[in-house]
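User: I have a model open and would like to go through it with you. Could you help me read it?

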Amino acid sequence: MNIRNWLTEHKKKNLLRRLTPVKRLPDGQLVVPGHTSQQLLDFSSNDYLGLSTHKGMIELSRHFLELAGCGAGAARLMSGDLAMYHRLEEEVAQLKGQEAALLFGSGYMANCGVIPALVGRNDVIFTDRLNHASIYDGCSLSRAKLIRFHHNDLNHLEELLSKQRGKGEALIVVESLYSMDGDRCPLQDMVQLKEKFNCLLMVDEAHATGVFGKNGGGIIEEDGVAGRVDIAMGTFGKALGSYGAYIASTQNMIDFLINRARTFIYSTGLPPAVIGASLAATRIIRQEPELRRDLFARVDCFKAALAKKGVTNLGPSQIVPIMVGQSSRAVQIANALRDQGIFATAVRPPTVPEGTARLRFSITRHLGHEALQKAASLIGAALHAS
Ligand SMILES: *Cc1c(COP(=O)(O)O)cnc(C)c1O
């Protein structure tokens, strides 16, 4: 591969990604130094509940930092197994309605560690086409046969299971809330299907934990299927406002992963400050359901304002996609919005299928009702103008 040609080619097609250093201000505002307009409203953060700046989290984080220092110093199977990890794991297991949990460095590492631990060369994985890149990478590392089903299409999945379930282990991997489309997996039908075909079911709740469920336990809690899911995965980096990730499951599964998941075994334990923040966040989302009600009041406000501008079909969650089709149009509208003080991402291939480029607005508690209404007007106008 010629790197210079590759860069020129991607720039021409509007597919070149660039880093944009930002500074965060209160009320969901961003400053992008070097950019003409001074302050932007941040519609691309996953800090849905606004917890990243929560005082209780900062306090516990600081406390753990001062108690235990900056780093764990070693992988947990060596001398790095701090007692605080176990406390967090117990509370996460409770939150997710599982017997036990295991921490990972990040959601990316969790997915890359768990999938190859569960299935191998003689097994098969059924994966929703729109699953996150970290799930795909975990699947590749496993060397299992990979079968992709149409997004959220359980008839298609059943057809594939009938033909290709095979005699080895079979793993179905889904997200409970899809990050690019903001739609939900029909989990009740999914658990029936996985039971019928005797498969393992892994549910990635990266965008759902903290946001859905009476206690913030995610869509597996809300749909009442926590006890029928084999592996519940989630991250602390999104609604929980911290960093790191976990797998929650049976005690046997966790004991197995401690011995088999290479991204767990060969990596340093998370820093104490991060554990303090995550532990506080896990408690806060259970104790403060009003955070979720408040978030969804803002989501409803944003969608109602868009509907007034004729923009409808915005899905059931805090992730609001607006389809625009071509990559170039998506980039053009995103740039126009940026000039008017709105920071939203144009999601383009290869992240999403060709021809389905979109603008993605994620709503957080940092954004006020007035700001949301104003943004919706500008978005409506930018869509009509393009
Ligand atoms: C963000 C995300 C991950 C990765 O989690 P990190 O903790 O950010 O590494 C995994 N799966 C899904 C569906 C995600 O959206």
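**Loops, sheet and pocket**

Analyst: Happy to! Asn198 is exposed, with a relative accessible area of 57% (exposed means over 50%, buried under 20%, partly exposed in between, with a 1.4 Å probe and protein chains only). This is a predicted model, where local features need pLDDT of at least 70, side-chain atom pairs count only at pLDDT 80 or more, and totals for chains, interfaces and linings use all residues. Residues are numbered from 1 along each chain as its sequence is written, and side-chain values use heavy atoms, with hydrogens and water left out.

User: Where is Asn198 placed?
Analyst: Asn198 is a residue other than glycine, yet its phi is positive, near 50°. Helices (H or I, at least four residues) and strands (E, at least two) are DSSP runs numbered from the N terminus. On that numbering, Asn198 sits in the loop between helix 7 (187–196) and strand 8 (200–204).

User: Is Asn313 buried or exposed?
Analyst: Asn313 is not a glycine either, and it has a positive phi of about 65°. Asn313 lies in the loop between helix 12 (290–308) and strand 11 (319–325). With a relative accessibility of 77%, Asn313 is exposed.

User: Which strands stand at the edges of the open sheet?
Analyst: The open sheet has 7 strands in the order 4-10-9-8-7-5-6, with mixed pairing; two strands pair if DSSP finds at least two bridges between them.

User: What is the volume of the largest pocket?
Analyst: On a 1 Å grid over the protein atoms alone, a pocket is an open set of points where a 1.4 Å probe fits, with protein on both sides within 12 Å along at least five of seven lines; lining residues have an atom within 4 Å of a point. Grid points are joined across faces, edges and corners, and a volume is the space filled by probe spheres set on the points. For the largest pocket that gives about 1,600 Å³.

User: Which helix supplies the largest share of the lining of the largest pocket?
Analyst: The largest pocket is lined by 48 residues, and Arg17 is among the closest to its centre. Helix 5 (133–142), helix 13 (327–339) and strand 13 (345–347) each supply at least two lining residues. The largest share, 4 residues, comes from helix 13.
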